[in-house]
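Dear colleague,

Please find the structure below. My notes on it follow, and they can be read alongside the model.

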Amino acid sequence: MPIASGFVGELIVLAGAGLAYLRSKKSIVSSPALYAGAFFVLGIGGSLWVNDITNSSRNVHYPDIVLDANDPAGVAKGIFPGRVVWVHDSTATNQKCVLNSYGHGWFMPENNNQPVVDAMVSAAIRQLTGTTNDSTAWDSIFVYFNRNHGKG
């Protein structure tokens, strides 16, 4: 956001200088050095002003957070509070995927083994909920969510 606001501010300054130049075109003929100096000063002043705004918005203070080993951060939530599941299968993706080749992105079907990915998602939701089939697992996830959000 600071970069975008700096860019927009710079465009506004440039547009204002261009508009001022067009409006005073007749007067420039009589004393070009005066107007060139004025435009230079206004351009530098506008750039410094935009730069100051951009830099002041970057000075964000983050609180010092110290995390100790085996000291969880936050509040455990979920069907089994604090449970984390890990599922890995190296055959889910093409390990020899050419990343910088047009039309052969990592997200393309040719580089993903969808049945393996489906099995990984199934294993993850079953482990997360402690159930033995997908429909019971999804049902328990949605029931838990609805109860905690006042949906019954």
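Which residue forms a salt bridge with Asp134, and how far apart are the closest N and O atoms? The partner is Arg126, with the closest N and O atoms 2.9 Å apart. Please keep in mind that this is a predicted model, and that every value here is computed from it. A search of the whole structure finds one salt bridge, so the limit used matters: a side-chain nitrogen of Lys or Arg has to lie within 4 Å of a carboxyl oxygen of Asp or Glu. Arg126 has 31% relative accessibility and therefore counts as partly exposed. Asp134 is likewise partly exposed, at 29%.

The chain as a whole

The protein chain has five helices and zero strands, which gives the pattern α-α-α-α-α along the sequence. Of its 152 residues, 12% are buried. The accessible surface is about 12,300 Å², and carbon and sulfur atoms hold 64% of that. Among contacts with a separation of 6 or more, 45% are between residues 24 or more positions apart.

Helix 4 and what follows it

Helix 4 covers residues 114–129, 16 residues in total. From its first C-alpha to its last it reaches 23 Å, close to the 22 Å expected at 1.5 Å a residue. Its buried residues include Ser122, Ile125 and Thr129, and Val116 is buried as well. An α-helix has 3.6 residues a turn, so residues three or four places apart point the same way. The buried residues of helix 4 pack against helix 5, which runs over 134–148.

Just after helix 4 comes Gly130, with a positive phi of about 75 degrees. Thr131 then sits in the loop between helix 4 and helix 5. Is Thr131 buried or exposed? Its relative accessible area is 19%, so Thr131 counts as buried, because the limit for that class is under 20%. The side chain of Thr131 makes a polar contact of 2.9 Å with the side chain of Thr129. If neighbours within four places in sequence are left aside, Thr131 is in contact with Arg126, Thr136, Ala137 and Ser140.

Val87

Val87 lies in the loop between helix 3 (32–58) and helix 4. At 27% relative accessibility, Val87 counts as partly exposed. Which residues is Val87 in contact with, leaving aside its neighbours within four places in sequence? They are Met120, Ala123, Ala124 and Gln127. Val87 can also be placed relative to Val117: the two are 30 residues apart along the chain, and their C-alpha atoms are separated by 9.9 Å.

Aromatic pairs

The structure holds two aromatic pairs. One of them joins Trp106 and Phe107, with ring centres 5.5 Å apart and planes at 90 degrees, so the pair is edge-to-face. The class follows because planes over 60 degrees apart count as edge-to-face. Trp106 is exposed, with a relative accessible area of 59%, and Phe107 is exposed at 53%.

Regards

Conventions: Residues are numbered from 1 along each chain as its sequence is written. This is a predicted model: local features need pLDDT of at least 70, side-chain atom pairs count only at pLDDT 80 or more; totals for chains, interfaces and linings use all residues. Side-chain values use heavy atoms; hydrogens and water are left out. Helices (H or I, at least four residues) and strands (E, at least two) are DSSP runs, numbered from the N terminus. The expected span of a helix is 1.5 Å times one less than its number of residues. Buried means under 20% relative accessible area, exposed over 50%, partly exposed in between (1.4 Å probe, protein chains only). Contact means heavy atoms within 4.5 Å. A polar contact is a pair of N or O atoms within 3.5 Å; within protein, one must be able to donate a hydrogen and the other to accept it, and residues adjacent in sequence count only if both atoms are side-chain atoms. Accessible areas come from the Shrake-Rupley method with a 1.4 Å probe; for residues, only the protein chains shown count as cover. Rings of Phe, Tyr and Trp (its six-membered ring) pair if their centres lie within 6.5 Å; planes under 30 degrees apart count as stacked, over 60 as edge-to-face and the rest as tilted.
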